[in-house]
Amino acid sequence: MIAVERTPLAVDDAAHVKASPAVLGLEGQYSGWVEVEFFHPDPSGDDWIGVFSPANFSAAICEPENKRQYPPVLCTAPIKYQFAKFKNDGYSKSGKGYLKLQLINQREDFSFALFSGGLLKPKLIAVSNKVTFVNPKAPVYPRLAQGKSWNEMTVTWTSGYDIKEAVPFVEWGEKGGRRFLSPAGTLTFDRNSMCGAPARTVGWRHPGYIHTSYLKDLWPDSMYTYRLGHRLPNGTRVWSKSYSFKASPYPGQDSLQRVVIFGDMGKAEADGSNEYNNFQPGSLNTTNQIIRDLENIDMVVHIGDICYANGYLSQWDQFTAQIEPIASTVPYMVGSGNHERDWPGTGSFYGNLDSGGECGVPAQTVFYTPAENRAKFWYATDYGMFRFCIAHTEEDWRPGTEQYKFIEHCLSSVDRQKQPWLIFLAHRVLGYSSNSYYGFEGTFEEPMGREALQELWQKYKVDLAFYGHVHNYERTCPVYQSQCVVNASNHYSGPFQATTHVVVGGAGASLSDFITSKIQWSHFRDFDHGFGKLTAFNHSSLLFEYKKSRDGNVYDHFTISRDYRDVLACSVDNCPRTSLAS
Ligand SMILES: [Fe+2]
């Protein structure tokens with residue numbers, strides 16, 4: 001029998017909130033459902049239940065400091081909240097209600113509090129008993145990422161164990177083979193690393209300890225299993241459950257290679273409750289479709305606007321929990337967007353408040369990227385016949401900048417005979433989009449985007465460029481200087497002509513509309529949630545598919561058939577002059 005600590009508090013003696021079970025994760029689970037039963041003798045339609053962690057919280061009102069701080073305006077932001085009348089039709093009269101809420105392990109205990117006064121003038125009525133996971137510090141939410149070399153996989157996870165408390169490591173090895181132990185490095189950050197509110201104030205929550213281990217000298221395409229461990233000073237080892245992954249192919253290797261690409265997915269709550277920045281309605285559908293097709297996916301690239309925590313730090317746990325089935329199995333490569341990085345006076349290219357004061361710190365810590373400098377967030381990664389060049393639109397990319405040099409080096413340093421499929425990715429649309437706000441601006445892109453980069457894309461024969469930021473799907477013809485070099489098609493063959501630009505920002509966040517007029521280079525538009533998938537069958541055959549998140553079906557696709565001599569062949573602005581000498 002487990003002793004249950006009960007600390008009910010009722011400002012109104014007749015009111016109560018009760019949560020059960022009081023202990024979760026008895027079989028090692030990282031999440032669990034709690035039944036919350038409550039009573040308010042003086043109910044109102046705008047009463048609500050907040051989920052707090054740690055269980056002790058401040059119910060005082062903290063007035064917003066800026067427009068990124070949302071109601072409920074408490075000094076401790078709840079993890080999430082739900083209105084008392086939700087699925088409780090009689091609540092406004094009877095004051096009796098019942099909710100089923102899902103919790104995830106995030107290092108501290110939980111409590112549920114009933115408030116009156118709506119979200120703007122919240123008044124605490126009653127607080128529940130505490131609920132806790134058996135081991136709140138357990139290692140959770142492993143996320144794989146490609147390392148800096150082709151035969152290295154990194155695994156990053158979150159725990160409640162500081163390096164002084166326990167030694168983090170990974171036990172791993174080929175399926176059925178010898179086991180290895182590899183050490184992990186530990187990072188965290190504190191409130192002083194945040195640039196403003198709410199991240200630095202009401203939205204602050206300790207991120208826990210972020211561990212990364214480097215699994216090296218992997219055999220291409222081999223299956224590995226691994227589990228996360230922490231060794232306590234008394235010798236006891238705390239283990240996660242066991243996971244598996246397939247090692248990445250050798251650059252240039254001829255084999256089936258499949259990569260899913262999207263932006264702006266965010267997160268949402270399976271129990272229907274509300275969160276701060278509650279605007280990613282497609283997020284769970286996209287996550288679920290990818291999980292369903294996971295055995296046909298080798299890598300995922302999420303190009304920015306990762307979880308929309310926007311300064312409410314607890315949400316990074318919610319996001320890593322949501323994608324855990326994906327990220328623990330295939331490398332989950334992230335880019336950075338405005339909602340990770342932008343903050344006034346911090347060197348971001350845009351001086352808006354979109355990161356809610358995070359100024360990039362949680363993104364560059366919670367996720368590993370093989371970047372030279374993780375704060376700058378641009379990097380190259382190879383997957384077999386693919387080379388991916390991932391830019392960072394929240395920092396300047398124009399000629400003369402450090403990032404421009406990186407982009408040119410990434411595009412120019414790949415041997416196209418070995419790796420024919422060259423892909424450029426960035427969060428904001430540096431190429432082409434007929435989304436309404438770019439259309440009204442008349443730019444059809446992020447200003448200074450393609451003007452700065454189109455000569456590089458053309459010179460280095462970039463097959464495809466992917467973007468997020470705009471929450472819809474759009475595909476162009478092969479386009480250069482706003483002109484279709486060839487007509488759009490479902491099948492391209494022969495020499496490279498120009499880059500096809502694809503917006504795949506519809507993975508979760510509220511949809512963006514298009515301008516109504518037809519634009520010559522805009523071939524296919526979809527106002528819906530979805531994501532892209534690239535399949536390289538071999539060195540001369542590539543398939544792109546656009547799938548809707550609602551059903552996982554393909555709604556647009558095209559193939560590229562091409563031999564090496566077609567890559568070398570000259571088209572507009574991409575071959576140096578030839579000499580007359582022979
Ligand atoms: Fe964005």
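**Entry 1. Terms and model**

For the classes used below, I count Ala, Val, Leu, Ile, Met, Phe, Trp, Tyr, Cys and Pro as nonpolar, Asp, Glu, Lys and Arg as charged, and the others, Gly among them, as polar. I note at the outset that this is a predicted model.

**Entry 2. Largest pocket**

I applied these classes to the lining of the largest pocket and found seven nonpolar, five polar and seven charged residues. I recorded a volume of about 450 Å³ for this pocket. Its lining comprises 19 residues, and I listed P370, E372, Y379, A380 and F406 as the closest to the centre.

Which element gives the most to the lining of the largest pocket? I found that β21 does, with four residues. Both β21 (379-383) and α7 (402-412) supply at least two residues each.

I then looked up the domains. The largest pocket lies between domain 2 (140-245) and domain 3 (252-568), because both give residues to its lining.

**Entry 3. Iron site**

Which residues are the protein donors of the iron ion? I identified D305 through OD, N338 through OD1, H427 through NE2 and H469 through ND1. These donors lie 2.1 to 2.2 Å from the iron ion.

I looked up the angles among the four donor atoms and found 88 to 164°, with the site being irregular.

Along the chain, I wrote the donor spacing as D-x32-N-x88-H-x41-H. N338 belongs to helix α5 (residues 338-341), whereas H469 sits in the loop between β24 (464-467) and β25 (473-480), so this pair ties together parts that are 131 residues apart in sequence. Are N338 and H469 buried or exposed? I found both of them buried.

**Entry 4. Largest cavity**

How many cavities of 30 Å³ or more does the structure hold? I counted two. For the largest cavity I noted a volume of about 90 Å³.

The largest cavity has 14 lining residues, and those nearest its centre are P207, L313, W316, D317 and V366. I divided the lining by class into seven nonpolar, four polar and three charged residues.

Helices α3 (315-322) and α6 (361-366) each supply at least two residues of this lining. Of the elements, α3 gives the most, with three residues. I placed the largest cavity between domain 2 (140-245) and domain 3 (252-568), since both domains give residues to its lining.

**Entry 5. Second largest cavity and Y480**

I recorded a volume of about 40 Å³ for the second largest cavity. Its lining is formed by Y432, Q454, W457, Q458, V479, Y480, Q481, T499 and H501.

What classes make up the lining of the second largest cavity? I found four nonpolar and five polar residues, and no charged ones. At least two residues come from each of α9 (450-459), β25 and β28 (499-504). I noted α9 as giving the most, with three residues.

I followed up Y480, one of the residues lining this cavity. Y480 is found in strand β25. I looked up a relative accessible area of 5% for Y480, which means that Y480 is buried, the cut-off being under 20%. Finally, I checked Y480 against P325: these residues are 155 residues apart along the chain, and their C-alpha atoms are separated by 39 Å.

Methods. Residues numbered from 1 in each chain as written. Predicted model: local features only at pLDDT ≥ 70, side-chain atom pairs only at ≥ 80, totals over all residues. Heavy atoms only, no water. Donors = N, O, S within 2.8 Å, 3.2 Å for Na, K, Ca; no water. Tetrahedral: all angles 85-135°; square planar, octahedral: opposite > 155°, others 65-115°. Buried < 20%, exposed > 50% of the residue type's maximum accessible area, 1.4 Å probe, protein only. 1 Å grid on protein atoms, 1.4 Å probe; cavity = no way out; pocket = protein on both sides within 12 Å on 5 of 7 lines; lining within 4 Å. Points joined across faces, edges and corners; volume = space filled by probe spheres on them. Domains from an automatic or database assignment.
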